[in-house]
Amino acid sequence: MEDYGRFFSDDVPAFMPSPTRELFKKVDISKIYSLAGGFPSPDTFPTGEMASIVSEVMETYGAKAMQYGGTQGVPELVGEICRRTGEAPQCIQVTTSSQQGIDVCGRIFLNPGDVVLTENPTYLGAIQSFRDYRASFRTLDEFRADPGSCGKVKFAYVIPDFGNPSGATMTLEQRQELVDLARRGDFLIVEDSPYRALRYEGTDVPTIRSLAPERTVHLCSFSKIFAPAFRLGWMEAPEEIIQKVYICKQALDLCPPVFDQYLAFNWMSSGRLDTNLEKAKALYRSKRDILLDELGKEMPSGATWTHPQGGLFIFVTLPEGCDTLAMYDQAISSGIAYVPGSFFFTDASHRNTMRLNFSYIDSDKIGPAVKLLAAFVRKMMGTD
Ligand SMILES: Cc1ncc(COP(=O)(O)O)c(C=O)c1O
């Protein structure tokens, strides 16, 4: 048998491999300067404390930490999340990563052809997931201009705090405007917020969930406040939605990883999370500042970039005509990696943009990386 096509479901042709993961298969990032990827810094992981966290969990919970758990999540962790967020337990579901939270939204809300409204650019992993459910995409601006042309909108997917890839934060007015739009258009809002805790300047803006709890599914992640390897996140949503998520989760994985949840509970309730978060924020703030400084010094005029108040990314726009995707292999040969910005646009446009990550690269490598990047950009612009 060679052709298995006839066995696959009608969903499979819509599956989209992650272009970033495909791209990075070709590259050994340890051999070049990489501002690509979106990894947290390993310096923020509790490598030194992990042995004591594990032994505390084993002393307290023993075999229970290795057993199947309830579908919603272990009660200790659910309780701690409620304490910190002010949510009621029936409005919480622990997810096996926030990527799963995104995928579950696709699974419970989307029929083929339903429309998801997005910012442009938006998170690639969400485009990938919603596309698997055969959703169509429209931008929020398209909806504002002509709601009637947008088909059946089920939800708007937004990253209001330090977006991936834009680094942008929605103001309170923008959040309120989105809530009004959702109420008038009768759609839900999926508020994806894995970076919210990583603010380096300015003050917190209320979550969209706090403005419109009846319409908002709020997604959170432990990946950037603990470690991504545990694959843990959570969802805050109206009770009726959580009940459907709960049934969906039974079919997906029965329960979120129990051992990891106890580790996360220990991490949160012992105060370690808060202490570590302050250190992580200081590190990331300093890396962001170095990157912004170096871009200011090195980049040719005509290039612009965002100034994120938090998160892990800076988004760069080059003059029209530059093509960061077409030039990608040459960038790698020049010793520098970024993520082509067009990956984050649902119509693959804006080929003159790129996403830069500042969390993973060592601080002392940012300067040399930007020098290489700027030289490469000048070459793309034909001005070297
Ligand atoms: C906006 C956004 N949502 C969700 C995720 C997935 O996070 P997790 O590791 O919790 O699956 C990421 C990861 O980079 C992200 O940038």
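Modeller: Start with Asp186, which sits in the loop between α7 and β6 (188-192). Keep in mind that this is a predicted model. Asp186 is not a glycine, yet its phi is positive, about 50°. Is Asp186 buried or exposed? Count the C-beta neighbours inside 10 Å: Asp186 has 9. The cut-off for exposed is 12 or fewer. Asp186 therefore counts as exposed.

Now go to Ala348. Ala348 lies in the loop between β12 (339-340) and β13 (353-357). Its phi is positive at about 55°, although Ala348 is not a glycine. Ala348 has 12 other C-beta atoms within 10 Å, so this residue is exposed.

Leu325 gives another reading. Find it in the loop between β10 (313-317) and α12 (328-333). Leaving out residues up to four places away in sequence, Leu325 touches Pro340, Ser342 and Arg351. Leu291 is 34 residues from Leu325 in sequence. In space, the C-alpha atoms of Leu325 and Leu291 are 22 Å apart.

Two packed helices are described by the angle between their axes and the distance between the axes. For helix α11 (residues 272-298) and helix α13 (residues 363-381), the angle is about 30° and the axes are 9 Å apart. Angles under 35 degrees count as roughly parallel, so α11 and α13 are roughly parallel to each other. On the α11 side, the contact includes Leu291, along with Ser286, Lys287, Ile290, Glu294, Leu295 and Glu298. On the α13 side are Ser363, Ile366, Gly367, Val370, Lys371 and Ala374. By class, the contact residues are six nonpolar, three polar and four charged. The crossing of α11 past α13 is right-handed.

One joins Asn120 and Pro121, with omega about 10°. Pro121 belongs to the loop between β3 (115-118) and α5 (124-132). Another cis bond runs from Asn164 to Pro165, with omega near 20°. Pro165 is in the loop between β5 (153-158) and α7 (172-185). Follow α7 onward and you reach the loop of Asp186 again.

Last, the ligand. Which residues come nearest to the ligand? Of the 14 around it, these are Ser97, Ser98, Gln99, Ser221 and Ser223. The shell has four nonpolar, nine polar and one charged residues.

Terms used. Residues are numbered from 1 along each chain as its sequence is written. This is a predicted model: local features need pLDDT of at least 70, side-chain atom pairs count only at pLDDT 80 or more; totals for chains, interfaces and linings use all residues. Helices (H or I, at least four residues) and strands (E, at least two) are DSSP runs, numbered from the N terminus. Two residues are in contact if their C-beta atoms, placed from the backbone, lie within 7 Å. Axes are lines fitted to C-alpha atoms, for helices over the stretch in contact, and angles run from 0 to 180 degrees between N-to-C directions. Angles under 35 degrees count as roughly parallel, over 145 as roughly antiparallel, 65 to 115 as roughly perpendicular and the rest as oblique. A crossing is left-handed if the near helix is turned anticlockwise from the far one by less than a right angle, and right-handed if clockwise. Ala, Val, Leu, Ile, Met, Phe, Trp, Tyr, Cys and Pro count as nonpolar, Asp, Glu, Lys and Arg as charged, and the others, Gly among them, as polar. A residue is near a molecule or strand if its C-beta atom, placed from the backbone, lies within 6 Å of it. A residue is buried if 20 or more other C-beta atoms lie within 10 Å of its own, exposed if 12 or fewer, and partly exposed in between; C-beta atoms are placed from the backbone.
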